[in-house]
Structures are given as structure tokens and as C-alpha cells.
There are 2 protein chains.
Amino acid sequence: MADTDLKTVSSTIVHKNPWYQVRKDEVIRPNGEKGEYFIVETPGPSVIIVAMTDQDEIYLVKQFRYQTNSWVWELPGGQAGKEDPLQAAARELQEETGLVAGSIKAVGTNQVMNGLVNETGHVFLARDLTIGEQHQEGDEEISKVRKFPLHEVLQFIKEGSFIDGQSISAMLQAFLYLGYTIEK
Amino acid sequence: MADTDLKTVSSTIVHKNPWYQVRKDEVIRPNGEKGEYFIVETPGPSVIIVAMTDQDEIYLVKQFRYQTNSWVWELPGGQAGKEDPLQAAARELQEETGLVAGSIKAVGTNQVMNGLVNETGHVFLARDLTIGEQHQEGDEEISKVRKFPLHEVLQFIKEGSFIDGQSISAMLQAFLYLGYTIEK
């Protein structure tokens with residue numbers, strides 16, 4: 001355990017499905033009390049892609065999310081599993097949008113939802129975009145792919161019509177990577 | 001189902017623990033194929049708080065996250081459960097930082113991790129801050145509470161030393177709410 005006096009005394013898989021498993025750990029806290037954690041474990045990191053044109057437009061996909069019973073505009077992305085994250089990002093980008101990126105760079109990583117799941121999100125910036133062929137996976141339901149000017153995307157976030165948290169954090173990481181300023 | 005032809009044919013709780021449950025749904029896709037989803041269901045929305053001083057400093061907490069086995073700087077926040085999100089935000093802020101907010105406003109919501117969990121995150125902006133008493137919950141391990149100038153927090157995100165995705169998205173939502181500009 002990283003720099004903590006919390007001790008793990010047992011570890012058991014209590015649920016498993018094709019996309020993730022739940023691990024139950026029994027622990028002894030630094031104060032001597034017993035505790036437990038239920039960690040959702042996904043097969044690997046996720047990838048998310050800020051695909052930007054030279055005119056500062058960003059590609060978004062509109063996807064049906066069963067978990068929240070809603071159609072949501074998002075950045076393209078998905079699970080990398082055991083695949084190299086950069087390759088997974090290029091693959092997901094093409095599958096979901098048809099775009100082929102001449103340049104794709106790692107912007108940074110984040111912990112997606114660290115009170116629940118062990119997943120790390122890898123954020124990529126894709127540029128020099130050309131249109132290829134779109135191939136959706138069977139369990140994906142993408143109805144639209146569209147590019148929007150950056151200032152419109154920011155307006156969508158501000159007014160609450162763009163609500164995908166993972167996409168919002170990825171965008172801030174990409175903007176900072178690009179040296180954009182954020183000021184009053 | 002919101003505007004989709006996907007049909008749910010069964011719904012079963014397949015795992016349950018004190019913090020969340022996993023629901024398995026069997027569905028028929030629009031193309032007639034069978035499919036399944038495993039939805040993590042938390043007891044309610046989560047809340048996250050951008051607590052900002054008049055000098056544009058932001059309060060961060062350093063917390064041990066068992067799920068990622070790491071100490072992570074984050075915005076204060078937590079599960080609201082059945083509590084009113086605004087009240088939960090004020091409570092979490094005081095529990096984790098000791099701060100009492102003279103003003104606390106809803107900035108917006110987001111879907112925290114909509115490929116996995118049904119949770120909505122409510123983002124709040126807390127101002128007019130005074131120092132009260134800190135009360136941590138039993139399963140929380142917070143080692144530090146500190147305020148940092150906004151430009152330093154942005155630098156931490158850029159350099160990869162601030163990696164909590166939920167906090168990063170909440171900050172962008174709060175900055176846009178405050179009318180900050182994001183420019184090349």
C-alpha cells in the first residue's frame with residue numbers, strides 16, 4: 001500500500017461479468033479498526049480522444065448510454081484492455097468517427113472515478129484528421145458524429161447540454177497541454 | 001427508454017454491498033439481437049465542491065484512494081445518497097475541510113462514468129469561506145487540506161500531478177459558470 005498504514009487482510013472476487021469484476025478487500029485501518037472495500041476492476045485503462053481540426057473544431061459523437069438511459073454527446077473513446085493505449089485511441093477514434101489521425105499524442109492520464117473503480121483514463125490529442133470508414137462495435141449505439149467549434153463546445157458545457165464528465169476533464173487536460181489560457 | 005428502440009426484457013440485482021449494487025439487464029437491440037448490461041447503481045448523486053477564496057485560491061484535500069492504491073489531491077466531495085445535493089455539498093465541504101461556506105451555488109451536473117455507473121455528479125461553487133471544524137468519516141483518509149492559487153492548480157493538472165478526473169471536470173464546469181475565458 002502506497003504510503004499508508006492500512007493493511008489488506010483478504011481479497012476476494014465477489015462478482016464478475018464480461019466487462020468488469022468486483023473485488024472485496026477486508027482491511028485493518030491505521031487506528032486498528034476493521035473495514036472493507038469493494039473495488040470495481042476493469043480489464044485495463046480507458047482512452048479518450050480530443051480530435052481537433054486546424055480550425056479548432058472538436059469531433060463529438062452522440063451515444064446512447066444505457067447506464068444513464070440517455071443520449072449523450074461525448075468525445076470518442078473506450079476501453080483499451082490489454083492493448084497499447086495509443087493504438088487503442090487510434091482504433092476507437094476510427095471505429096466511432098471514421099477519422100484517421102495523422103498525429104496522435106498522449107496528453108495525460110486521470111483517475112476516472114477513484115472512489116469506485118481502479119480505472120486510469122488516458123487522454124489523447126488527435127490532429128491532421130482525414131475521413132476513413134466508421135465501424136461501430138455491437139454494443140455501441142452512436143447516432144451522430146459531428147465537429148463543433150471549440151467555443152460552441154464550451155458553451156454546451158456551460159449551459160449543461162454537454163454533460164459527459166470524462167469528456168469534460170479530458171478537454172481541460174488537452175487545452176492545458178496545448179498551452180491555452182484560462183482567465184477571469 | 002429515452003428515444004431508442006432498445007428493449008429491456010429482464011432486470012436482476014446480481015451483486016450488492018453497502019456502497020452500491022450491480023444490476024444485470026437483458027435487452028433486445030434495435031437490430032433484434034440479444035444483449036446485456038451490468039449497471040453499477042449508487043444510492044444517489046455525488047457532490048463535488050469548488051471552494052474558492054476571493055483571491056482565486058482553491059481548496060484541495062489529499063486523500064488515500066484504496067481503489068487506485070494512491071494518495072490523490074482532489075476537490076472535496078462525496079455521495080449525497082437521499083440527501084438534498086446542496087445540503088450534502090455543504091456537509092461534505094465542512095467534514096473534509098472544516099470550511100463553512102457563506103454562499104454555495106449549483107454550477108451544473110455531469111454523468112460521472114456513464115459506461116459503468118448511473119451516477120450523476122452535482123458540481124457546486126462555494127464562496128465566502130470561514131474555517132469551522134473538520135470531521136472525517138470512518139472510511140476516509142484525508143492527510144492534508146490546503147488552498148492553492150488557481151494558476152498553480154492548473155499547472156498541477158498540466159504537469160500530471162493533479163489527476164482526479166471528477167475534480168478536473170468539476171473545475172472546468174465551475175470556471176465556465178464564472179465566465180472565465182479559455183483561449184489559445
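**Pairing and interface in a two-chain model**

Colleague: What makes strand β2 (residues 21-28) of chain A a partner of β3(A)?

Modeller: Eight bridges join β2(A) to β3(A), and the two run antiparallel. Pairing requires at least two bridges between the strands, so eight bridges qualify them as a pair. This is a predicted model.

Colleague: Which sheet has the order β1-β2-β3?

Modeller: That is an open sheet of three strands in chain A, with antiparallel pairing.

Colleague: Why are β1 (7-16) and β3 (34-41) of chain A called edge strands?

Modeller: β1(A) and β3(A) each pair on one side only. Neighbouring strands of this sheet are turned by 20 degrees against each other on average, direction ignored.

Colleague: Which strands form the open sheet in chain B, and in what order?

Modeller: Three strands of chain B form an open sheet in the order β6-β5-β10, with antiparallel pairing. β6 (70-74) and β10 (142-149) of chain B are the edge strands, each pairing on one side only. From one strand to the next, the twist averages 25 degrees.

Colleague: How do you know that strand β5 (residues 57-65) of chain B and β10(B) pair?

Modeller: Between β5(B) and β10(B) there are seven bridges, in the antiparallel sense. The requirement is at least two, therefore the two strands count as paired. B:Val61 has B:Val145 in β10(B) as its bridge partner.

Colleague: What joins strand β11 (residues 181-183) of chain A to strand β11 (residues 181-183) of chain B?

Modeller: Three bridges join them, and the strands run antiparallel. A:Ile182 stands opposite B:Ile182 in β11(B).

Colleague: How many residues of chain A and chain B are in contact?

Modeller: 67 residues of chain A are in contact with 67 residues of chain B. The area buried between the chains is about 6,400 Å², and carbon and sulfur atoms give 62% of this area. On the chain A side, A:Tyr66, A:Gln67 and A:Gln111 lose the most area to chain B, together 13% of what that side buries.

Colleague: Why is the meeting of A:Asp56 and B:Lys184 called a salt bridge?

Modeller: The side chains of A:Asp56 and B:Lys184 meet at 3.7 Å, N to O. The limit is 4 Å between a Lys or Arg nitrogen and an Asp or Glu carboxyl oxygen, so this pair is a salt bridge. Two salt bridges are found across the interface of chain A and chain B. Polar contact across this interface comes to 24 residue pairs, both residues at pLDDT 80 or more.

Colleague: What gives the largest share of the side of chain A that touches chain B?

Modeller: Helix α3 (residues 165-177) of chain A does, with eight residues. By class, the side of chain A that touches chain B has 31 nonpolar, 21 polar and 15 charged residues.

Definitions and conventions. Residues numbered from 1 in each chain as written. Chains lettered and ligands numbered in written order. Predicted model: local features only at pLDDT ≥ 70, side-chain atom pairs only at ≥ 80, totals over all residues. Heavy atoms only, no water. Contact = heavy atoms within 4.5 Å. Buried area = accessible area lost by both parts, 1.4 Å probe. Polar contact = N/O pair within 3.5 Å; in protein donor to acceptor, adjacent residues only side chain to side chain. Helix = DSSP H or I, 4+ residues; strand = E, 2+ residues; numbered from the N terminus. Nonpolar A, V, L, I, M, F, W, Y, C, P; charged D, E, K, R; others polar. Axes fitted to C-alpha atoms, helices over the stretch in contact; angles between N-to-C directions.
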